Amino acid sequence: MQIKNELRSNARAIRNNISRNDEFDVEIKNRLLNLAEYKNAKTVLIYVSLDNEIKTDEIILNALENGKKVAVPFCEDSFGNMKFYLINSLDDLKIGSFNVREPDKNICRKLENFSNSIIIVPGMLFDKRGYRLGYGKGYYDRFLSAYNQTKIGLSYDETLVDELFTDEFDKNVDIIITQSRKISCKNGGKNG
């Protein structure tokens, strides 16, 4: 646990020192939108970005404009249980747990059917095998353990490492998108 906490601290420093974040975010967004997995998905499960994360608002808007269902996470409890709720616009969000924009459960309905979907996963660091260093609460790893559709991580080149320390609870993504490339993690982290 101490190793992961030190990595989180280092990752925060790296992210805060990346210049041209906005330009990189646009490149990452464009690379994602051109993926066949994204184009073919009927539903997009996606995190709502914090200030220091790769921006997802434009991805959410693109998905909605293209007739896709969009579902964003809601942390149900403090035990790592997370559900996804469908939104129709960014106006369906309100500030919730961990100061994150979450779906307003009074107007959004829970996503029950995950077929033909992809999930866009946040991470402080990713390794080339698709493993991620999250914020340490376990919400995504718990959710991903039961999710069997395509999993995509968004990362800056600067927050991509060769290998992270992992344990049996860590779940990897299938694809990582950075500002310069796509990495397929199903074949050991080869460029695609």
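## Close-up views of a predicted model

A search of the whole structure finds nine salt bridges, a salt bridge being a side-chain nitrogen of Lys or Arg within 4 Å of a carboxyl oxygen of Asp or Glu. The structure is a predicted model, in which local features need pLDDT of at least 70 and side-chain atom pairs count only at pLDDT 80 or more, while totals for chains, interfaces and linings use all residues. Residues are numbered from 1 along each chain as its sequence is written, and side-chain values use heavy atoms, with hydrogens and water left out.

**View 1. The salt bridge of R101 and D57.** The side chains of R101 and D57 meet at 2.8 Å, N to O. Because R101 lies in strand β5 (residues 101-103) and D57 in helix α4 (residues 57-65), the pair ties together parts that are 44 residues apart in sequence; helices (H or I, at least four residues) and strands (E, at least two) are DSSP runs, numbered from the N terminus. R101 is partly exposed, with a relative accessible area of 25%, and D57 is partly exposed at 22%, where buried means under 20% relative accessible area, exposed over 50% and partly exposed in between (1.4 Å probe, protein chains only).

**View 2. The salt bridge of R129 and E163.** Here the side chains of R129 and E163 meet in a salt bridge of 3.8 Å, N to O. R129 lies in the loop between β7 (125-127) and β8 (132-133) and E163 in the loop between β10 (160-161) and β11 (175-177), so the pair ties together parts that are 34 residues apart in sequence. R129 counts as partly exposed at 26% relative accessibility, whereas E163 is exposed, with a relative accessible area of 58%. Salt bridges that share partners join D127, R129 and E163 into one network.

**View 3. The aromatic pair of F74 and Y85.** Six aromatic pairs are counted, rings of Phe, Tyr and Trp (its six-membered ring) pairing if their centres lie within 6.5 Å, with planes under 30 degrees apart counted as stacked, over 60 as edge-to-face and the rest as tilted. The rings of F74 and Y85 have their centres 5.9 Å apart and their planes at 75°, so the pair is edge-to-face.
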